[in-house]
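Visitor: Could you walk me through this structure? I would like to start with confidence and then move on to contacts.

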Amino acid sequence: MSFWNATYAVFRREFEGYFATPLAYVFIVIFLLAMGSFTFYFGQFYATGRAELDIFFGFHPWLYLFLIPAISMRLWAEEQKTGTIELLMTLPIPVTAAVLGKFLAAWAFAGIALLLTFPMWLTVIYLGSPDNGVIFASYVGSWLMAGGYLAIGSALSALTNNQVIAFVLTVVVCFMFTISGHELVLDFFQSWAPLVIVNAVSSFSFLTHYAAIMNGVIDFRDIIFFGSLIALFLFINVIVIDQKRAG
Amino acid sequence: MIEIEGLVRRFGSLTAVGGISLRVAKGEVLGFLGPNGAGKSTTMKMITGYLAPSEGRITVCGHDVVEEPFQAQSAIGYLPEGAPAYPDMTPVQFLNFIAQVRGLKDEAAKKAIDVAVARTGLQSVLEQRIETLSKGFKRRVGLAQAILHNPPVLIMDEPTDGLDPNQKQAVRGLIRAMSAEKATIISTHILEEVDAVCTRAVIIDKGRIVADGTPAELHAKSPTKRLDDVFRALTTPDAEIKAEAVA
């Protein structure tokens, strides 16, 4: 049983699991309704009169803050609650493969929900001539950001067998990773801290990196940021699970 | 095929398993007896690689469980306590997942699943979600999962718990039928089960082995020749005094 076979087996089981219950359909419907209502109602999409999706993408970090923890909360908490973790960990599956397989399944699922917002894209194409490169980059950025939220949520889900606790913890931690790039927070730091600190705080924020990608430039550094953040939290995830079994 | 030496497991200040050594050979069916909290499940969790030992060594088919966990786990079929299984899957999906993880492909997987399903009598519920199954069927799904890859070592934590008398009989028959080619460990609260399936019984109390012998030898320890009396004498708080009395 190679590492990738094990990862794939876990991925497949998890991914099919989403669609075996109403969970996937309920989530996708809520996701699309939230995306649509925020963009059109709160974002005054039509009133701007511009064929751009930056209003739509601008809401993503804030909607992800609640929607992504709803996916990630069950990843490990449920396994621990039902006892299936004992089954999973006594099969010849490396912990890293299990963590990665579960994460990738959740990320693929989030990707599908995101792709299903394509009517937004069609709408702006119909209304005008948008910069498709910017929109494509924004989709990539949004998906990377979803991966960041999911990795944090997965690691925190391993800490508990209670999904509600996993959800709340994830919202709080993700909120800190998001808000640290917001003007309010940066203004607060700017009033007294040296620029190095302000930049450091800002550089940890999803907003900063996401905003950079939303401008249409998929910078290598932003990809590295999300990639290493995901790797870091999945690594923490593995440690948490190993720690629970250690002698 | 199973060799355990000086096995210790501590949870904080609590010593759940306090120095267990034993060997189980091919063809043997070893019954783990003991009151709740005696360390039976913890010992099984260590043999199967779910929990790491605090001290001591476990070898399964020549593979050290800590050094070569996947080789050891590949040789083991394990039914954890309560027979956990993914509730949103059907038995056939679940067994396919296990087959995939066990490295069984296409024809081999299909054949293994057919055999396991036939042996555990799951044909009638293959397409029902596991969460809708009765306790007896859930247990049989767990058994089917454990024997799927025809492992040389079988570890079963309370395999007949919650089954009706007919189902108990059937599971015991299944264990007996497979035992010649395997090294088997089962844990049980039901003393008659020892007579029914075990070739050897080990009584564990407070993390230590207090008796080890064939069922007949254990019977002989009590003047009444009843296993219940031996069990009670060895595992009640003033066990030492009573143990001397029966000796």
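Visitor: Which element of chain B has the lowest confidence?
Guide: Happy to start there, with a predicted model. Chain B has a mean pLDDT of 89, and 95% of its residues reach 70 or more. Strand S6 (residues 76–79) of chain B is highest, at 96. The lowest mean in chain B, 52, belongs to helix H10 (residues 239–246).

Visitor: And what ipTM does the model score?
Guide: Two overall scores go with this model. The pTM is 0.90, and the ipTM is 0.88.

Visitor: How many nonpolar residues are on the side of chain B that touches chain A?
Guide: Chain A brings 20 residues to the contact, while chain B brings 24. On chain B, helix H2 (69–74) and helix H3 (91–101) are the elements that give two or more residues to that side. By class, the side of chain B that touches chain A has eight polar residues, two charged and 14 nonpolar.

Visitor: Is B:Gly19 buried, exposed or partly exposed?
Guide: B:Gly19 sits in strand S2 (residues 14–24) of chain B. A residue needs 20 or more other C-beta atoms within 10 Å to be buried, and 12 or fewer to be exposed. B:Gly19 has 14, so it is partly exposed.

Visitor: What separates the C-alpha atoms of B:Gly19 and B:Gly6?
Guide: Beyond its neighbours within four places in sequence, B:Gly19 is in contact with B:Leu7, B:Val8, B:Arg208 and B:Gly6. B:Gly19 and B:Gly6 are 13 residues apart along the chain, and their C-alpha atoms are separated by 4.6 Å.

How values were computed:
Residues numbered from 1 in each chain as written. Chains lettered and ligands numbered in written order. Predicted model: local features only at pLDDT ≥ 70, side-chain atom pairs only at ≥ 80, totals over all residues. Contact = placed C-beta atoms within 7 Å. Helix = DSSP H or I, 4+ residues; strand = E, 2+ residues; numbered from the N terminus. Nonpolar A, V, L, I, M, F, W, Y, C, P; charged D, E, K, R; others polar. pLDDT = per-residue confidence, 0-100.
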